[in-house]
Amino acid sequence: MPFAPDRVIDRLRYLPADVPGRLVFTTSFGLEDQLLTDLIVKAGLARAIAFATLDTGRLFPETYDLWAQTEQRYGIAIAGFLPDAGAVETLVSEQGINGFKASLAARQRCCFQRKLVPLERALAGAAGWVTGLRADQSQARAATGFFEHDAARGLTKINPLHDWTREQVLTVAHEFDVPLNPLHERGFVSIGCAPCTRAIAPGEPERAGRWWWEQDAAKECGLHVGADGRLVRVQQPETRP
């Protein structure tokens with residue numbers, strides 16, 4: 001059954017053979033990413049898969065603390081990729097420090113400079129990109145599979161937890177004593193930049209706390225969409241456990 005840590009560890013162990021070349025795992029230190037960090041280490045792949053994060057400059061203090069705690073706990077280094085200082089200075093001077101709330105275009109411009117540009121540097125030369133995406137995170141991600149072809153970046157995206165639920169991830173994370181962001185206990189389910197994330201109320205969708213002032217039900221920052229603005233869909237079937 002998909003809901004088994006050993007099954008995910010097996011999926012991870014096959015990756016160097018299934019996707020030859022540089023493998024990069026981008027973590028935002030959320031629930032799924034923290035469990036994946038734990039499982040990557042358990043799979044003996046801490047050297048085979050590079051750990052990276054996008055430091056937008058606007059993360060929660062709790063996220064930075066968890067970054068340090070995670071490195072210490074697992075004996076790994078998580079490379080931080082920051083936005084270009086000049087580009088951010090121009091962005092802030094033109095739209096204000098919180099100008100991204102003025103419109104969807106303004107927010108997407110902020111996400112582009114603070115997240116997408118650093119992501120391109122993090123994935124430079126990579127053959128495979130490991131993420132914590134799950135199919136049930138939102139309607140827009142419902143078709144997320146284990147392997148996806150990211151044509152825009154010319155690499156394979158790997159989502160080892162694609163068929164897990166949040167409850168399953170949380171259960172195993174607690175079982176393995178995985179360090180988690182304390183914001184989760186305060187209702188922050190999906191955690192991104194501090195000014196763009198809020199706690200959700202009972203019954204709200206998992207990603208309702210991201211860019212909540214926008215009306216678009218398929219809100220994304222652009223990390224997981226193709227050139228057409230849509231989420232990348234499955235291009236090849238899962239071939240491993």
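At what angle do helix α1 and helix α2 pack, and how far apart are their axes? The close-ups below come from a predicted model, and the first view takes up that question.

**View 1. Helix α1 against helix α2.** Helix α1 (residues 5-18) packs on helix α2 (residues 31-42) at about 65 degrees, and the axes sit 9 Å apart. The two are therefore roughly perpendicular to each other, and the crossing is right-handed. On the α1 side, P5, V8, I9, L12 and R13 make the contact, meeting L36, L39, I40 and K42 of α2. Sorted by type, the residues in this contact come out as seven nonpolar, two charged and no polar.

View 2. D38 is buried at 2% relative accessibility, while K42, at 39%, is partly exposed.

**View 3. R166 and E32, a salt bridge between helices.** The closest N and O atoms of this pair are 3.9 Å apart. R166 sits in helix α6 (residues 166-175) and E32 in helix α2, so the pair links distant parts of the chain, 134 residues apart. Both R166 and E32 are buried. They also belong to a salt-bridge network that takes in R134, D136 and E206.

**View 4. E94 and R109, bridging helices α4 and α5.** These side chains meet in a salt bridge at 2.5 Å, N to O. E94 is in α4 (residues 85-95) and R109 in α5 (residues 104-122), 15 residues apart. E94 is exposed at 54% relative accessible area; R109, at 34%, is partly exposed.

Conventions
Residues numbered from 1 in each chain as written. Predicted model: local features only at pLDDT ≥ 70, side-chain atom pairs only at ≥ 80, totals over all residues. Heavy atoms only, no water. Axes fitted to C-alpha atoms, helices over the stretch in contact; angles between N-to-C directions. Helix = DSSP H or I, 4+ residues; strand = E, 2+ residues; numbered from the N terminus. Parallel < 35°, antiparallel > 145°, perpendicular 65-115°, else oblique. Left-handed = near helix turned anticlockwise from the far one by under 90°. Contact = heavy atoms within 4.5 Å. Nonpolar A, V, L, I, M, F, W, Y, C, P; charged D, E, K, R; others polar. Salt bridge = Lys/Arg side-chain N within 4 Å of Asp/Glu carboxyl O. Buried < 20%, exposed > 50% of the residue type's maximum accessible area, 1.4 Å probe, protein only.
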